[in-house]
Structure formats: C-alpha cells, structure tokens
Amino acid sequence: MDRNKKDKDHFIQLDAEKLKHIEAQRKRFLTETMQRAADIDSMRCPLCNRQLEEKIVNDISITICTKCRGIWLETESFAKMLRLSDDMVDTFLDGIKE
Ligand SMILES: [Zn+2]
C-alpha cells in the first residue's frame, strides 16, 4: 500500500515537472515569436517587404518604404501632419521624395 502511494506521488511529481517544462517552453516560444513579429513589422514594408527607412521631414518623424513610397506615422507625427498648412504639405511631400 505504501509502495503504491509512493509510486503514485512519484508519477504526479514527474507530471508536474513535465508541465512546468512545457509551460516554460511555451512562454519562451511565445516571447521569441512576438519579438520576431515586432522586428519584422518595424523593419519591413508590409506591402512589398522592402526595408523601411526612418526620416525626419519638416520636423515630422516618418517611416518610409523606398520602393512603394508608403509611409507610416506614429500618432504624434500624424497629428503634426494634420496641422500642416497647404504650403507646408507640398514641402513635406517634396521632402519625402528626396
Ligand atoms: Zn513598400
């Protein structure tokens, strides 16, 4: 009887260790995957997969694709862009082309 209980406890302990190991692997995999996804998102154009470049045009920080000319703006940059006058919009667009 004691032997059965000892075996049972031993197996429960092994299962608990296996679960801990699986959980640690799952967390590590999730962290690495999220980091890779973040790196890809921040570095490559989602349209043509070209490397993105960071630029400052008219004091507005933008991330631009040199191939398709797509631009990505942080909220603050977007707000600054909305406040540009018509003349400044032309200057801004010229600055993107350079
Ligand atoms: Zn692109």
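Domain bounds are taken here from an automatic or database domain assignment. In this predicted model, the protein is divided on that basis into domain 1, spanning residues 1-43, and domain 2, spanning residues 52-97, and the C-alpha centres of domain 1 and domain 2 are separated by 46 Å.

The strands β1, β2 and β3 form an open sheet of three strands in the order β1-β2-β3, with antiparallel pairing. Because β1 (52-57) and β3 (71-73) stand at the edges and each has a single partner strand, one side of each is left without a neighbour in the sheet. From one strand to the next, the twist averages 35 degrees.

Strands β1 and β2 run antiparallel and are joined by six bridges, with Lys-55 standing opposite Ile-62 in β2; the two strands form a hairpin with two residues between them, and Asn-58 in the turn has a positive phi of about 50 degrees. Strand β2 (residues 60-65) is joined to β3, again in antiparallel fashion, by three bridges, with Ile-62 opposite Leu-73 and Thr-63 opposite Trp-72. This second pair forms a hairpin with five residues between the strands, in whose turn Arg-69 has a positive phi of about 65 degrees.

In a regular strand the side chains alternate between the two faces of the sheet. In β2, Ile-60, Ile-62 and Ile-64 make up a covered face, whereas Ser-61, Thr-63 and Cys-65 make up an uncovered one. Helix α2 (residues 75-82) lies across β2 and β3, running at about 105 degrees to β2, while helix α3 (residues 86-97) packs on the sheet, where it touches β1, β2 and β3 and its direction makes about 145 degrees with that of β1.

Notes: Residues are numbered from 1 along each chain as its sequence is written. This is a predicted model: local features need pLDDT of at least 70, side-chain atom pairs count only at pLDDT 80 or more; totals for chains, interfaces and linings use all residues. Two strands pair if DSSP finds at least two bridges between them. Helices (H or I, at least four residues) and strands (E, at least two) are DSSP runs, numbered from the N terminus. Axes are lines fitted to C-alpha atoms, for helices over the stretch in contact, and angles run from 0 to 180 degrees between N-to-C directions. Two residues are in contact if their C-beta atoms, placed from the backbone, lie within 7 Å. A residue is buried if 20 or more other C-beta atoms lie within 10 Å of its own, exposed if 12 or fewer, and partly exposed in between; C-beta atoms are placed from the backbone.
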